[in-house]
Amino acid sequence: MGSGHARGIEGMDESMDERLDGMDKIMEKSAGETRDVLKKRAVIILSGGLDSTTCMGYAQEEQYELFPITFDYGQRHKMEIENARQVAAYYGAAARHKVISLSFLHDFGGSALTDDNIEVPVSAIPVPESDKPVSDIPVTYVPGRNLLFLSIAASYAEVIGAEAIYIGVNALDYSGYPDCRPAFIHKMEEVIATATKAGVEGRVTRIEVPLIYLSKADIIKEGIRMEVPYHLTTSCYLGDQAACGECDSCHLRLKGFAEAGVKDPIVYKT
Ligand SMILES: [Zn+2]
């Protein structure tokens with residue numbers, strides 16, 4: 001009886017496996033059919049800042065259905081999360097918008113943006129006058145941030161069948177950040193292809209970095225052309241209602257708008 005019982009369970013397992021296999025096939029078939037009629041999909045890493053919001057514009061221009069993802073990592077500029085929600089809504093993507101808590105980054109600290117013991121520099125780092133790279137890594141660097149962001153975005157992309165992940169990294173203005181370099185992006189694409197079921201099955205997930213070689217002024221010009229809602233964005237590291245106009249990020253943004261010959265639509269204290 002014991003062995004019969006065991007066989008019974010084995011039999012059940014086999015038939016269950018077969019049925020699950022069958023379901024897999026049906027789901028793949030229906031997913032394939034659905035994908036034929038629906039738009040192609042992209043995950044956009046959306047911080048609520050100027051660069052990531054411009055990425056929303058690029059992804060929309062490429063006719064993607066937009067799946068924004070925002071990370072709450074205890075950053076000082078928490079207002080960004082609310083900005084990201086408004087930007088997602090502007091693009092009709094509010095229902096597909098994921099806000100993911102990475103509160104452990106605040107526990108780790110180690111960055112002026114996440115650690116209460118490290119002050120946010122107010123113009124401590126000179127804004128480069130030319131496009132020459134800055135060699136020092138600023139204290140606003142968040143350890144492993146884009147590594148984490150892209151890993152999580154890749155997971156979301158695999159689930160929804162997205163073929164692209166947009167991230168607003170820039171190799172000119174922030175060349176001090178090692179996780180904004182093209183070498184890192186290329187390696188990460190390889191890692192995603194190796195590490196995911198989608199990748200192993202030959203469904204490539206590209207990492208799109210449309211801003212990587214653009215100056216801030218050129219990013220803004222492109223954004224204006226694509227009617228990107230810059231009035232809904234914030235760049236200030238301090239994260240108050242009105243931008244400080246003093247921190248490195250505010251400086252870069254204001255310099256970009258000035259060079260683009262466009263008035264920045266957000267409110268500044270100074
Ligand atoms: Zn500021």
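Me: Which helices do the buried residues of α8 pack against?

Reply: The buried residues of α8 pack against α2 and α9. This is a predicted model: local features need pLDDT of at least 70, side-chain atom pairs count only at pLDDT 80 or more, and totals for chains, interfaces and linings use all residues. Residue numbers start from 1 along each chain as its sequence is written.

Me: What makes a stretch a helix or a strand here?

Reply: Both are DSSP runs, numbered from the N terminus: helices are H or I over at least four residues, strands are E over at least two. By that rule the chain has nine helices and five strands. Along the sequence they follow the pattern α-β-α-β-α-β-α-α-β-α-α-β-α-α.

Me: Why is Pro68 called buried?

Reply: A residue is buried if 20 or more other C-beta atoms lie within 10 Å of its own, exposed if 12 or fewer, and partly exposed in between, with C-beta atoms placed from the backbone. Pro68 has 29 C-beta neighbours inside 10 Å, so Pro68 counts as buried. Its place is in strand β2. Of the 270 residues of the chain, 34% count as buried.

Me: Which residues does Pro68 touch, not counting residues up to four places away in sequence?

Reply: Pro68 touches Ile44, Leu46, Met56, Ala84, Ala88, Ala93 and His97. Contact means that two C-beta atoms, placed from the backbone, lie within 7 Å. Met56 is twelve residues from Pro68 along the chain, and their C-alpha atoms are separated by 8.1 Å. For the chain, take the contacts with a separation of 6 or more: residues 24 or more positions apart account for 73% of them.

Me: Why is Leu254 called partly exposed?

Reply: Leu254 has 19 other C-beta atoms within 10 Å, so the label is partly exposed. Leu254 is found in helix α9. Leu254 touches Gly245 and Asp264, not counting residues up to four places away in sequence. Ala217 is 37 residues from Leu254 along the chain, with 9.4 Å between the C-alpha atoms.

Me: How do you know that the buried residues of α8 are on the same side?

Reply: The buried residues in α8 are Lys216, Ile219, Ile220 and Gly223. They cover an arc of only 95° around the axis, which puts them on the same side of α8. The arc is that of the directions from the helix axis to the C-beta atoms.

Me: At what angle do α8 and α9 pack?

Reply: Helix α8 (residues 216-225) and helix α9 (residues 248-260) pack at about 65°, with their axes 8 Å apart. Axes are lines fitted to C-alpha atoms, for helices over the stretch in contact, and angles run from 0 to 180 degrees between N-to-C directions. The crossing is right-handed.

Me: Which residues of α8 and α9 meet?

Reply: From α8 come Lys216, Ala217, Ile219, Ile220 and Lys221; from α9 come Leu252, Arg253, Lys255, Gly256, Phe257, Glu259 and Ala260. They divide into six nonpolar, one polar and five charged. Ala, Val, Leu, Ile, Met, Phe, Trp, Tyr, Cys and Pro count as nonpolar, Asp, Glu, Lys and Arg as charged, and the others, Gly among them, as polar.

Me: What is the strand order in the open sheet?

Reply: The order is β3-β2-β1-β4-β5, with parallel pairing. β3 (98-101) and β5 (206-208) each have a single partner strand, so one side of each is left without a neighbour in the sheet. The twist averages 25° from one strand to the next.

Me: How do you know that β1 and β2 pair?

Reply: Two strands pair if DSSP finds at least two bridges between them. Five bridges join β1 (residues 41-45) to β2 (residues 65-72). In one of them, Val43 has Phe67 of β2 as its bridge partner. Helix α2 (residues 50-61) lies across β1, β2 and β4 (164-166), at about 170° to β1.

Me: What is the phi of Gln63, and is Gln63 buried or exposed?

Reply: Phi of Gln63 is near 70°, a positive value in a residue other than glycine. Most residues other than glycine have a negative phi. Gln63 lies in the loop between α2 and β2. With 9 C-beta neighbours inside 10 Å, Gln63 counts as exposed.

Key: A crossing is left-handed if the near helix is turned anticlockwise from the far one by less than a right angle, and right-handed if clockwise.
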